[in-house]
Amino acid sequence: MATSPVEMTFVVNASGVAAGGVWPHFKFLVDGVSVGQATVNSTSAGRYSFTTKLAPDVAHKVQVVYDNDWLSTDKTGMYRDLIVKSIEVNGKTISSTSSAVSYAAEGQGTLSGREILSWSGSLDFNMSKDVFAGAAGTPTTPTPPATGGTPIVVNAYGNAAGGVNAHFKVLVDGKVIGEATAGTAAKDFTFNANVSADMAHKIQIQYDNDGVVNGADRNLYVNKITIGGHAVAPTDSIVSIDKGALDGKDVIAGQKAMWWNSTMEVKADKSWFAGATTPSNPPQPSLSVNDVSVAEPTGSTSSGGIQGFLSTKGNQIVDEAGNAVRLTGINWFGGEGYNYVPAGLWADSYQGHLEKMKSVGFNTIRLTMSDEMFTSTAVTNGIDYSKNPDLVGLTRLQVYDKVIEHAGKLGMKVILDHHRNDGGAGTNEHGLWYSNRFPESTVIENWKMLAKHYAGNETVIGADLHNEPSVTATWGGSAATDWASAAERIGNAIQSVNKDWLLFVEGTEWSSTLAGAQSRPIEFDVPNKLVYSPHAYGHSVGNFSWLNDPAYPNNLPAQYDKMWGYLYKNDTAPILLGEWGGLFNSSAEQTWAKTMAKYLNGDWNLDGKSDIAAGDKGMSWTFWAWTPESGDVGGILMDDYKTINQSKINLIKPAMEGAIFDTPGGSSTPNTANATFTVKLSAPSGTPVTVDYATVDGTAKAGSDYTATSGKLTFAAGETTKTVTVKVLSDSVTEGNETFGLKISNATAATIADATGTGTIVEAAAKAAAASLGSADLLAHSLTAAADLPTAPVASFDGSAADLSHAAYDTGYNGMEWHDPLAQAA
């Protein structure tokens, strides 16, 4: 005869190791059905209870599914782990190392049972029917949890206004048990409720400082409330919001956003507090940590590296100290296309992308854009805001500001690239630098706006004036197609507002050749700022004649000398090879990449020895591309937009010879200021009180904005105040105010009322002034239809032509002969 299901309570004995301020999280399943979930927010063992109805006297499979071992925001060297000691049920304890336990670890296969879960995966307890024997007829009485009450974890974040973040209190049945301030990044805030056993309770989150300052609206957003291991979403039926005073008069259904001063209330079931004990001892004092603000220090102590803005000296790029600088970078496209922001932000954070770029040795980013990016009709797409929370609500230019800010913190440099006029893929279809919709006057106004916007920002080193003039573009000749003259007009316009930038000028024929510069060189009003920037590709892009030469690859140096290398070899100007790349699937193309690396390094006869003068550096370059959308060449990232293609890195790594970053060991040491947090006890204690502390990232990042700090505080009997000092670092990036946190945890002989203090780094006034050009300027540039050039109508060009930016083309270059396609068309 079948036995009716009875209520059983499982207790998971677990602790955790946090990484990046995020604790391990798990789901609890019985026979494949989710019973609950919990965040293990302590390095000390805790008890997490889950109750469900099961058939007694039969076997059941119980699973602890660890699901956040690695997050997109995690960095190399971070280790988050879940430690499961055992599971208790029906008066029995099953150890995680029991023979009945196995561990299905992500990427590792099925392993034997263990306590430490170092990968996301499922710890499976195959419990025999003997474990549940005798449970029929009466519910199992759960083992009482350890003293200390019921943990309440609120996962929340907020919008700041006037530099002040959203603040909230946590109440149980109307009594305050703690408070916290929520930053812009979501995180867990942990509170402890000592409440009566086996009774229902109301858990209340009271948002109390709503406001609008200079158009910025402060709000609180609650993602989840976990009570005694039971997770509740703000939209669950047991959740409501009482707007205004907590008086029950203006109650609405629960929702994530708290747009007013209000109280979110959870009607928590009594089983969530089963076994809790009413304290019989005097209440313990509570610990809290205050918020602090500190002015960002300015300046740095020089220790070499890239000093100031760059200029040119012969064929060398040099810094303000006269040191030769080699740029070895990567193209990060997307801004020129239909998303209007760098690609791959749907798969990873922009910080994650940039840190991976640096990790493989790229010291420069060629960041693409289009004129369409600066129009009111352009829509920002392609961002997963859960991975990029600080990009929420930003304009396209503000997204670029964030990317450039973090690149600067990593010691990387940025070249802005005018890739095309209308949003789309590749270069302009008609091959020119302007269109009916975006005449040259608009191109110039956008460049001047950017030059002003980034003036004084040493991360942004220059402008690639236009990508791949092709099809109809000429070097000289008709004014409507003369790219050389247009480059001078655009470059001089930029120099009228910003004289610090390098100006990168590409060639014609999709920038494959700069042969015309031999008789008609480029000259700008401000000297020593010109860098010529050709492009070159291998077999993946085109069946070029020089790739089929019987002398291949030994013929390549002479071939590239004719096309553009002569400018470097004759000491005319520096070269930055703005694009090169390929799939490198064939041995022939791998040979091309290895040969190109030698040529760029200055080994012109391919004998393995440098042929350039001592102290000089080889040609600079930016590889195409970071993300894999280009079907003909792919990317450094694989199709998951996360994994680095190491075989490609191995091929191009030799071409990084002589490159450095603008970071310690090859840069300057930032000056510092102290942010001093005060940790307080609410009342003196008769026994010593200890508490751990550690800094956590917010919009400010450890290593670039402040120095990570951690340790333990000990309050002697009678002491009520301790301080923790965090070093705040200077930088040269205009970034606005930023925040980080000091989190306290693992208190002994005290509870924690406010676990996190917010440190606000107030942007230095000088940099705030430099950033005075607001994002509203983006839309101030009118898009006139009338070009200011002699008119050879763009409409006469074949706009239906396929994108030839990486199309197969073969000019031969056996002596340069210029043709005017417009004249032929006529």
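**Charge and burial in a predicted model**

Biologist: What makes Arg 520 count as partly exposed?

Modeller: Buried means under 20% relative accessible area and exposed means over 50%, with partly exposed in between (1.4 Å probe, protein chains only). Arg 520 has 25% relative accessibility, so it counts as partly exposed. This is a predicted model, in which local features need pLDDT of at least 70 and side-chain atom pairs count only at pLDDT 80 or more, whereas totals for chains, interfaces and linings use all residues. Residues are numbered from 1 along each chain as its sequence is written, and side-chain values use heavy atoms, with hydrogens and water left out.

Biologist: How do you know which residues are in a helix or a strand?

Modeller: Helices (H or I, at least four residues) and strands (E, at least two) are DSSP runs, numbered from the N terminus. The protein chain has nine helices and 47 strands.

Biologist: Why is the pair Glu 88 and Arg 47 said to tie together parts of the chain?

Modeller: Their side chains form a salt bridge with an N to O distance of 3.0 Å. Glu 88 belongs to strand E6 (residues 81–89) and Arg 47 to strand E4 (residues 46–54), so the bridge ties together parts 41 residues apart in sequence. Glu 88 has a relative accessible area of 13% and is buried, while Arg 47, with 23%, is partly exposed.

Biologist: What makes Asp 603 a buried residue without a salt bridge?

Modeller: Lys and Arg count as positive and Asp and Glu as negative, while His and the chain ends are not counted. The nearest side chain of opposite charge to Asp 603 is Lys 598, which is 5.1 Å away. Contact means heavy atoms within 4.5 Å. Not counting residues up to four places away in sequence, Asp 603 touches Lys 598, Gly 608, Lys 609 and Asp 611.

Biologist: What makes a group of residues a nonpolar core?

Modeller: It is a set of buried Ala, Val, Leu, Ile, Met, Phe, Trp, Tyr and Cys residues joined through side-chain atoms within 4.5 Å. The largest such core has 103 residues, and those with the most contacts inside it are Phe 362, Trp 564 and Trp 592. Apart from it lies another core of 30 residues, among them Val 40 and Leu 54. In soluble globular proteins, nonpolar side chains tend to be buried together.

Biologist: How do you know where to read the model with caution?

Modeller: The guide is pLDDT, the predictor's confidence in each residue, from 0 to 100. The protein chain averages 83, and 86% of the residues score at least 70. Over residues 136–148, however, pLDDT stays under 50. Where pLDDT is low, the predicted coordinates should not be read in detail.

Technical notes:
Salt bridge = Lys/Arg side-chain N within 4 Å of Asp/Glu carboxyl O.
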